[in-house]
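This briefing is for a reader new to the structure shown here. Please look through the sequence and the model before reading on.

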Amino acid sequence: AYIRELLLRHTGWTVTCCDLPEVLDRPQLREVLALWRGQISWIGCNLLEPWPPSLAASGPYDLVLLSNLIHCQGREETTALLGRAAAATAPGGQMLIHDFFSDQGPHGALYDLHMMLNTYNGRTYTLRELKKMANGVGLVMGSRWRLASGSTLVEMRPASGQAREE
């Protein structure tokens, strides 16, 4: 859905789509996006693990989108993920993080409870915790939008020599 919307709105863009190989291997995914096949690169990987060289080689990226990823693991793993994503973001580029946050309404708090009960060390973070982790890897938090789904979209930018926020 993200790829389709981005390419509908920005017809000249190219997209590198990373997801688990079994997700990318679904024929219906390729069918829905067939119109843009020349603009999409597919890299099957687990973004929660060290990224494959092919992903780094095709960057840096003007826009990095992490959707529903930072709630899957603990602080150490989440900080490492943010660090890899920050390193892949071009100077002047931006990162968008779409997820649930425990201080952003009842959906985030309930999702935190779900993570606590049903995952090994997953949890939702507060925006303050996200900001601290992001600052630690050279990102500055920008705008935030609460979505009708109960999730939140957060904009991040490379610090670019600016003092990191506390």
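The model is predicted: local features need pLDDT of at least 70, side-chain atom pairs count only at pLDDT 80 or more, and totals for chains, interfaces and linings use all residues. Residues are numbered from 1 along each chain as its sequence is written, and side-chain values use heavy atoms, with hydrogens and water left out.

**Nonpolar cores**
- A nonpolar core is a set of buried Ala, Val, Leu, Ile, Met, Phe, Trp, Tyr and Cys residues joined through side-chain atoms within 4.5 Å, where buried means under 20% relative accessible area with a 1.4 Å probe, protein chains only.
- The largest core has 28 residues, and Leu 66, Met 95, Ile 97, Leu 130 and Met 156 touch the most other members.
- Helix 5 gives the largest share of this core, 5 residues; helices (H or I, at least four residues) and strands (E, at least two) are DSSP runs numbered from the N terminus.
- A second, separate core of 9 residues includes Ile 3, Leu 7, Leu 24 and Leu 29.

**Strand 6 and its partners**
- In strand 6, 6 of the 7 residues are buried.
- Strand 6 runs antiparallel to strand 4, joined by 5 bridges, and Leu 96 has Glu 155 as its bridge partner.
- Strand 5 also pairs with strand 6 in the antiparallel sense, over 6 bridges; strands pair if DSSP finds at least two bridges between them.
- Leu 139 stands opposite Pro 158 of strand 6.

Note on methods
Buried means under 20% relative accessible area, exposed over 50%, partly exposed in between (1.4 Å probe, protein chains only).
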